[in-house]
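I opened the model to look up a few backbone details, the packing of some helices and the surroundings of the ligand. My entries follow in the order in which I went through them.

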Amino acid sequence: MAKKKIKKQGKNWKKFWKLGMEEFNTQHFDVNANGDMIVNEGYYQYNIMDIVRKYGTMTEVFFPSILEHRVSDLIELFNAYIKILNYKGKFYYHYVMKSNQNREFVLPAIAEGSHIEVSSSNELFLVKRMLEQGKFNRKVRVTCNGPKTDEYIRLIEELRDKGLIIIPIIENTHELNRLKKFKGEVGVRVNLDVKIDAHWDKKYNHFGFDEEDLLKIGKIRNLSMLHYHISTQNEKVEGFIKPLKRAIALYAKLREQNPGLDTVNFGGGMPVPYEKRKKMISVKNLVNQMIKTAKKESDKLGVKHPNLVCEWGSYFTAPSQITLFKVIEEKSISNKSDTKWYFIDGSFITNLTDTWSVVRHKWHFAPANHLNARRLQKVWLAGSTCDADDRYTASGNYVLLPKLNEEIPDLYLVVFDTGSYQYTLSNNHCLISKPALVVCQNGEIKLSRKRQTPEELGKLFGWNGDHK
Ligand SMILES: *Cc1c(COP(=O)(O)O)cnc(C)c1O
């Protein structure tokens with residue numbers, strides 16, 4: 001009886017906070033009877049408030065099972081359409097190290113069948129470590145993007161001599177000359193002459209060769225891969241299909257002098273539904289269309305179907321982590337009586353740097369506790385640095401959160417999709433600490449990185465404790 005009554009009275013809180021929705025990547029998230037946020041791994045459930053009580057805030061919480069599902073689902077999806085459509089090329093997914101270099105992220109991705117993409121010499125150094133420790137078998141393939149310093153090229157050569165399949169992606173004539181004698185396969189990056197409707201698509205691009213220049217080079221020793229990377233957060237199917245068509249045409253032309261060219265690498269850019277208001281493109285439909293396009297275009301030109309390499313980064317890493325903050329105080333906003341400031345114990349500038357560096361970047365927020373609170377408050381969120389830009393106003397709109405009162409003295413905040421780029425972009429403005437990292441896997445909750453302490457921060461700035 002009582003149960004029924006509660007249900008009748010209650011709102012559907014799960015739906016209200018956009019939890020349990022596959023299209024928003026929150027299918028693993030739920031609310032318990034107490035109003036706490038729950039995260040499911042199979043039939044195991046983690047209570048976010050247990051993590052708050054044990055490790056405090058600000059804390060990043062990573063769920064390897066979410067990352068693993070996403071990687072294995074995508075590999076299966078590509079392979080399924082390759083089979084259904086009788087496509088002759090192979091599919092390779094390369095985990096994008098720059099989207100999250102934490103060991104806890106990289107190793108499960110590799111264990112699910114990811115190859116690796118690195119963007120710098122230091123990322124490649126981590127690959128060297130894994131190789132030396134026998135962490136992966138020799139079938140793993142590594143693509144190397146980014147400007148190649150001498151150090152970077154030396155490391156590429158060293159790992160190739162150790163038997164790793166490593167493919168430097170040549171971006172300019174300097175690298176072309178420097179890698180002339182490279183014994184392994186190489187790739188080239190093209191700046192495709194195609195415009196798509198995406199925020200990051202720039203009129204002037206400083207990456208890769210222009211199409212014309214690339215064709216003028218003619219033969220490139222050991223060329224096996226044509227690479228392009230158009231944009232990030234590319235929200236339209238056409239934004240993937242248009243460049244792919246163009247790339248296949250170029251692939252066909254380049255093959256005339258480079259018959260060893262057998263792979264098209266279409267880079268990153270699969271969007272993340274950060275805001276959770278509109279549906280993103282369906283990955284199933286996109287994969288279907290991409291394979292169809294690759295097949296149709298190469299058949300038309302009479303070239304063999306290229307292998308396809310995918311380097312989507314944030315699509316995998318962003319949804320597999322959340323960040324927890326505490327609301328530390330509330331304050332009224334002058335001239336805006338219906339909205340309040342909620343201050344958090346972290347910062348948008350230091351911990352959620354995309355808020356600051358990406359124009360109109362949106363996040364989805366929900367409380368970790370009191371998800372069933374009936375009285376809600378329109379808020380703007382303020383970070384803990386002294387910076388006037390350290391805030392989140394949903395672009396002048398508002399965020400709805402439980403109203404603070406005697407019943408709700410403590411409120412904890414969950415920010416979704418924080419698993420890509422945020423930690424490496426984070427900083428210590430006002431000496432705010434970098435957050436702790438907690439990993440939830442196989443029913444266990446482990447602290448993987450402590451929150452920065454004042455002592456550690458002091459040391460970074462030369463305060464070693466021996467100053468008088
Ligand atoms: C950053 C980057 C990616 C990943 O981009 P996402 O938008 O995170 O998918 C892939 N390839 C290259 C070359 C990149 O620079």
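I began with Gln233, which I found in the loop between β11 (223–227) and α10; helices here are DSSP runs of H or I with at least four residues, strands are runs of E with at least two, and both are numbered from the N terminus. The phi of Gln233 is near 50 degrees, a positive value in a residue other than glycine. I noted for comparison that most residues other than glycine have a negative phi, and most peptide bonds are trans.

I then looked up the peptide bond between Thr57 and Met58, which is cis, with omega about -5 degrees. Met58 sits in the loop between α3 (48–55) and β4 (59–62).

Before going on I wrote down the conventions: this is a predicted model, in which local features need pLDDT of at least 70 and side-chain atom pairs count only at pLDDT 80 or more, while totals for chains, interfaces and linings use all residues. Residues are numbered from 1 along each chain as its sequence is written, and side-chain values use heavy atoms, with hydrogens and water left out.

Next came helix packing, with axes taken as lines fitted to C-alpha atoms over the stretch in contact and angles running from 0 to 180 degrees between N-to-C directions. Helix α10 (residues 238–255) packs against helix α11 (residues 283–301) at an angle of about 30 degrees, the axes being 9 Å apart. That makes α10 roughly parallel to α11 (angles under 35 degrees count as roughly parallel, over 145 as roughly antiparallel, 65 to 115 as roughly perpendicular and the rest as oblique). For helix α4 (residues 64–84) and α11, the axes come within 9 Å and cross at roughly 40 degrees, which makes α4 oblique to α11.

Last I turned to the ligand, which 15 residues surround (a heavy atom within 4 Å), the closest being Lys98, Thr232, Gly313, Ser314 and Tyr421. I looked for polar contacts (pairs of N or O atoms within 3.5 Å): an oxygen atom of the ligand is 2.7 Å from a side-chain N or O atom of Lys98, and a polar side-chain atom of Tyr421 lies 2.5 Å from a ligand oxygen.

Conventions. Polar contact = N/O pair within 3.5 Å; in protein donor to acceptor, adjacent residues only side chain to side chain.
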